[in-house]
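Here is a short report on one structure. It takes up a helix and then some charged pairs.

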Amino acid sequence: MSNNNKEIDKILDFFDGKEELTDDEILALLDAEEGRKAWNELADLDEAANRLMGKQPDVDAEWAAFENKRQGKKEAETMPKRRTVSIGLAWKVVAAAAAAILLLVVMNYKTPVAEQDVEPEVAVAMEKAEVEQHEERIAKAVKAKKIKMIKVEVPAGEMTDVVLPDGTQVCLNAKSTLEYPETFEGKMRLVSLNGEGYFKVSHDKRHPFVIKANDVTTRVLGTEFNVRCYDAADVHVTLVEGSVEVASNINKVKISPNQDACLAEGKLVVANVNPKDFTSWREGLMYFDNATLRTILHQIGAWYNVSVVCDKSSLLDKHFHYMFNVNDSIEKAIQLLRNASDLDITVDDNTIQVK
């Protein structure tokens, strides 16, 4: 750690309760390059300590046991000292010192800092910083040829099943791309999606599963849900079972089964839905409940591998109820869309024309 010692001291003092920071000051730390470096270095030290010490202990359980012992008898002076902090996303910070060949790690448990009320944009910034820090670490490992990235691209008119290194099952829709490391390392299981995928995530409490889809990230421990992100302006995360957290650049929401988080003007909005409306594509039925024409045309173009031309861009934001069977011909799919939208739509020479 070089020129960012002040930032590290400031973060450590804040976690230890020695210094109070406003939400604006936290955001400034995360936005500043030196602040991000400080946070990344502390996170790297934390991971190094975890590797050295073995499995991460259950801090809450050990602290409760320690409190019980302290009330009954004096704790031995040789008891290992550890530190834990709890704030927002439960960032854990450890102090580490290296000397020649030997790395000495001293962990000192203290009473966790009380969960602080932070503004939504602060929580979002902290989560974004964590994902970016993990991405940087993976990029370095790929550059050093320690990890290889795998990219799955689904052609038009097809669906593909993928099993990830942790056992997570993914069904990818046509014209979708999924990118992930050949092995998951570090604090999270991070993948990137463009298009649409249905996820059955293997449960792992210590390593959350995180999906990046344009400007939206979805974080889970183990559950089933659908993510649609063909269009950056029309992203949906629909939960079938379990619980997930979804974050945009503006806000973060937690959704329950039979709920959908939709991106509207950059902000996530939650609505109660029938999940089958969003997952029926796995059975070959493309169903759109009050979807934009843009989203519908994306799906038709992806499945039939055709281009789309729209003379009036304002039409693309209109909403319609529409469905088609993937076994239908493109002519029948377009006829159904004409009936549902009352628009002048034709298909000629592998191009859909909307007037």
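## Helix α8 and its neighbours

The buried residues of α8 pack against α7 (293–304), β19 (319–325), β20 (345–348) and β21 (351–354). Contact here means heavy atoms within 4.5 Å. Helices (H or I, at least four residues) and strands (E, at least two) are DSSP runs, numbered from the N terminus.

Ile 330, Ala 333, Ile 334, Leu 337 and Ser 341 are the buried residues in α8. They sit on the same side of α8, because their arc around the axis is only 95 degrees. The arc is taken from the directions from the helix axis to the C-beta atoms. Buried means under 20% relative accessible area, exposed over 50%, and partly exposed in between (1.4 Å probe, protein chains only). After α8 comes Asp 342, with a positive phi near 60 degrees.

## Basis of the model

This is a predicted model: local features need pLDDT of at least 70, side-chain atom pairs count only at pLDDT 80 or more, and totals for chains, interfaces and linings use all residues. Residues are numbered from 1 along each chain as its sequence is written, and side-chain values use heavy atoms, with hydrogens and water left out.

## Salt bridges

A salt bridge is a side-chain nitrogen of Lys or Arg within 4 Å of a carboxyl oxygen of Asp or Glu. The count is 4 salt bridges.

One of them joins Arg 189 and Asp 166 (2.4 Å, N to O). Arg 189 lies in strand β7 (residues 189–194) and Asp 166 in the loop between β4 (160–163) and β5 (169–172), so the pair ties together parts 23 residues apart in sequence. Arg 189 is buried, at 3% relative accessibility. Asp 166 is partly exposed, at 24%.
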